[in-house]
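Hi,

Here is the model I promised to pass on. Have a look at it first, and my notes follow below.

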Amino acid sequence: MSTPFLDLKTSERGLRDELQAAFRRVLDSGRYVLDEEVSAFETEFAAFCGAKHCVGVANGLEALQLILEAQGIGEGDEVLVPSNTFIATWLAASLTGAKPVPVEPVESTYNIDPECIGAAITSRTRAIVPVHLYGQSADMDAIAQVARKHGLSVIEDAAQAHGALCRGRRVGALGNAAAFSFYPTKNLGALGDGGAITTNDGQLAQKVRSLRNYGSTTKNRHEVKGLNSRLDEIQAALLRVKLRHLERRNEERRTIAAAYLDGLSGSSLILPEVPAWATPVWHLFVVRSPARQELMARLEAAGIGSMIHYPVPPHLQPAYADLAISPGDLPIAERIHREAFSLPIYPGLQPAQIEHVVSVLNDA
């Protein structure tokens with residue numbers, strides 16, 4: 001039975017009429033940049049996250065970068081980031097001129113360990129960037145407590161966690177600001193690239209609005225050196241459609257995850273753990289095994305797609321050789337990256353396909 005790792009055509013099938021209508025609406029308007037669709041999406045997504053403000057930008061990386069720049073973080077500053085994450089979290093700090101400083105995760109949840117943050121703080125630390133990795137919230141209450149003690153800002157990297165809950169509150173309004181990605185594979189994915197920041201800080205939101213648009217909020221007047229990082233009208237219109245269905249589609253992911261957790265409970269796989277206070281949206285379903293390559297080969301032979309998120313941690317990438325972090329210095333992240341692989345999980349995945357995945361892994 002063919003079970004692709006991700007099938008966006010199947011996943012989007014039930015939304016096609018609404019998406020086509022949204023596309024035609026923008027086409028008929030003749031307005032394609034920072035107009036009514038972006039404004040409406042910003043209002044709707046802010047309300048969804050429980051935040052006062054949303055600013056649409058070009059992608060998730062620049063969402064993080066612009067938040068840091070709006071807070072005046074740059075050369076000579078340090079930003080605490082998870083050692084276990086996609087490299088974009090680190091790049092956002094680097095692009096401002098700041099230094100990313102890695103903090104190890106809680107191994108059972110993959111997210112940054114609040115108890116390890118204190119040891120990484122120096123006189124140059126300005127911010128903590130917890131990542132809600134794979135669609136599960138980091139422990140924001142514990143992180144906020146450390147941040148308050150040291151006078152640091154907290155910036156959520158929520159690129160994989162649209163709609164995830166931490167103690168009953170949606171991510172996106174749990175720190176000073178949050179960055180989202182709308183890359184097509186995300187739970188709330190555009191049909192291209194896109195991103196947004198959410199915040200309760202009106203001054204920060206206004207700074208990001210200026211920075212995303214050449215440093216300008218009034219035409220032909222440029223208050224600061226900005227860049228071109230704008231969510232376009234077509235993607236905003238499509239995202240408005242998908243936002244209306246997001247909770248239902250997230251619930252479908254939870255059903256698939258529950259079937260995996262139940263069906264694989266007797267296997268030798270290391271399964272993801274969910275704290276009692278967290279409600280994930282399961283952007284990815286990540287399992288671990290020292291026999292990763294053999295298991296992935298068995299899945300492939302059975303027509304099942306799987307992927308590795310992520311094979312090499314940021315500190316061992318050539319881009320960060322300048323930090324001189326040696327193999328073995330961050331053992332938890334390195335162990336996760338050696339063993340982790342992701343199983344198919346997306347709206348439209350059929351029960352028979354889920355059972356097929358479970359059966360093959362249990363046999364293996």
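This is a predicted model: local features need pLDDT of at least 70, side-chain atom pairs count only at pLDDT 80 or more; totals for chains, interfaces and linings use all residues.

Which residues point one way from β2, and which the other way? Glu 78, Leu 80 and Pro 82 point one way, Val 79 and Val 81 point the other way, and all are buried (buried means under 20% relative accessible area, with a 1.4 Å probe and protein chains only).

Residues are numbered from 1 along each chain as its sequence is written, and side-chain values use heavy atoms, with hydrogens and water left out. Helices (H or I, at least four residues) and strands (E, at least two) are DSSP runs, numbered from the N terminus.

Back to strand β2, residues 78–82. Strands count as paired if DSSP finds at least two bridges between them. β2 pairs in the parallel sense with β3 (residues 99–103) over five bridges, and Pro 102 in β3 is the bridge partner of Val 81. Strand β4 (residues 125–128) also runs parallel to β2, joined by three bridges, with Thr 125 as the partner of Glu 78. Together with helix α5 (residues 88–95), β2 and β3 make a right-handed β-α-β unit (right-handed if, with the strands pointing away from the viewer, the path from the first strand over the helix to the second runs clockwise).

Next, an open sheet of three strands has the order β7-β6-β10, with antiparallel pairing. β7 (169–170) and β10 (278–279) are at the edges with a single partner strand each, so one side of each has no neighbour in the sheet. Between β6 (residues 165–166) and β10 there are two bridges, and Cys 166 stands opposite Ala 278.

Strand β11 (residues 285–288) is covered on both faces: Phe 285 and Val 287 on one side, and Val 286 and Arg 288 on the other, are all buried. Four bridges join β11 to the antiparallel β12 (residues 340–343), where Ser 342 stands opposite Val 286.

Finally, helix α9 (residues 233–263) has 31 residues and should span 45 Å at 1.5 Å a residue; its end C-alpha atoms are 43 Å apart, which agrees (the expected span is 1.5 Å times one less than the number of residues). There is also a kink of about 55° in α9, centred on Leu 246 (the bend is the angle between axes fitted to the seven residues ending there and the seven starting there).

Best wishes

How values were computed:
Buried means under 20% relative accessible area, exposed over 50%, partly exposed in between (1.4 Å probe, protein chains only).
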